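Here's a quick briefing to read alongside the model. Have the viewer open and follow along.

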Amino acid sequence: MRQLLIPPVRYFASIAYDAATGNMVLFGLFNVPTTWVWDGTTWTQQHPATSPPARFGASMTYDVATGNAVLFGGNGASVMGDFADTWTLR
């Protein structure tokens with residue numbers, strides 16, 4: 001029997017529909033930066049070479065012009081104040 005992977009419980013995570021791939025992209029965990037992709041059937045954890053720092057409450061959307069999910073801002077568990085950075089996630 002195959003064990004299904006699912007993202008750990010999280011709050012204030014960010015999610016966007018990636019129209020280029022037809023997947024949902026999920027980012028955020030209070031103290032660990034993790035990105036997951038949902039293809040409608042299976043969750044797959046992504047392991048990009050670079051990743052945004054851990055954060056919660058960021059905004060995420062899909063940018064049609066670049067074909068990427070875009071993450072902006074949020075609040076970090078290990079920093080004071082808000083992030084004002086932008087990341088593309090794929």
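Pro-48 sits in the loop between E4 and E5, where E marks a strand; helices (H or I, at least four residues) and strands (E, at least two) are DSSP runs, numbered from the N terminus. Heads-up on the source: this is a predicted model, in which local features need pLDDT of at least 70, side-chain atom pairs count only at pLDDT 80 or more, and totals for chains, interfaces and linings use all residues. Residues are numbered from 1 along each chain as its sequence is written, and side-chain values use heavy atoms, with hydrogens and water left out.

- Going from Pro-48 to Thr-34 takes 14 residues in sequence, and the C-alpha to C-alpha distance is 9.5 Å.
- Phe-56 is in this loop too, between strand E4 (43–46) and strand E5 (59–63), while its partner Phe-12 lies in the segment before strand E1 (14–18), so the pair ties together parts that are 44 residues apart in sequence.

**Aromatic pairs**

- How many aromatic pairs are there? The count comes to two, with rings of Phe, Tyr and Trp (its six-membered ring) pairing if their centres lie within 6.5 Å; planes under 30 degrees apart count as stacked, over 60 as edge-to-face and the rest as tilted.
- Phe-12 and Phe-56 make a tilted pair, 6.1 Å centre to centre with 40 degrees between the planes.
- Phe-12 is exposed, because its relative accessible area is 55%.
- Trp-38 and Trp-43 also pair up in a tilted arrangement, with 5.3 Å centre to centre and 45 degrees between the planes.
- Trp-38 has 27% relative accessibility, so it counts as partly exposed.

**Asn-23 in strand E2**

- Asn-23 belongs to strand E2 (residues 23–27).
- Is Asn-23 buried or exposed? Asn-23 is buried, because its relative accessible area is 16%.
- Beyond its neighbours within four places in sequence, Asn-23 is in contact (heavy atoms within 4.5 Å) with Ala-16, Tyr-17, Asp-18, Val-37, Trp-38 and Asp-39.
- Thr-42 is 19 residues from Asn-23 in sequence and 10 Å from it in space, C-alpha to C-alpha.

**Thr-61 in strand E5**

- Thr-61 is placed in strand E5, and with 47% relative accessibility it counts as partly exposed.
- Not counting residues up to four places away in sequence, Thr-61 touches Ala-16, Asn-68, Ala-69 and Val-70.
- Gln-45 and Thr-61 are 16 residues apart along the chain, and their C-alpha atoms are separated by 19 Å.

**Phe-72 in strand E6**

- Phe-72 is part of strand E6 (residues 68–72), and it counts as partly exposed at 42% relative accessibility.
- Once residues up to four places away in sequence are set aside, Phe-72 touches Ala-58, Ser-59, Ala-84, Asp-85 and Thr-86.
- Phe-72 and Asn-23 are 49 residues apart in sequence, with 19 Å between them in space, C-alpha to C-alpha.

**The whole chain**

- What elements does the protein have? There are zero helices and seven strands, running β-β-β-β-β-β-β from the N terminus on.
- Along the principal axes, the C-alpha atoms fill a box of roughly 45 × 35 × 25 Å.
- Buried residues account for 38% of the 90 residues.
- Of the contacts between residues at least 6 apart in sequence, 37% join residues at least 24 apart.

How values were computed:
Buried < 20%, exposed > 50% of the residue type's maximum accessible area, 1.4 Å probe, protein only.
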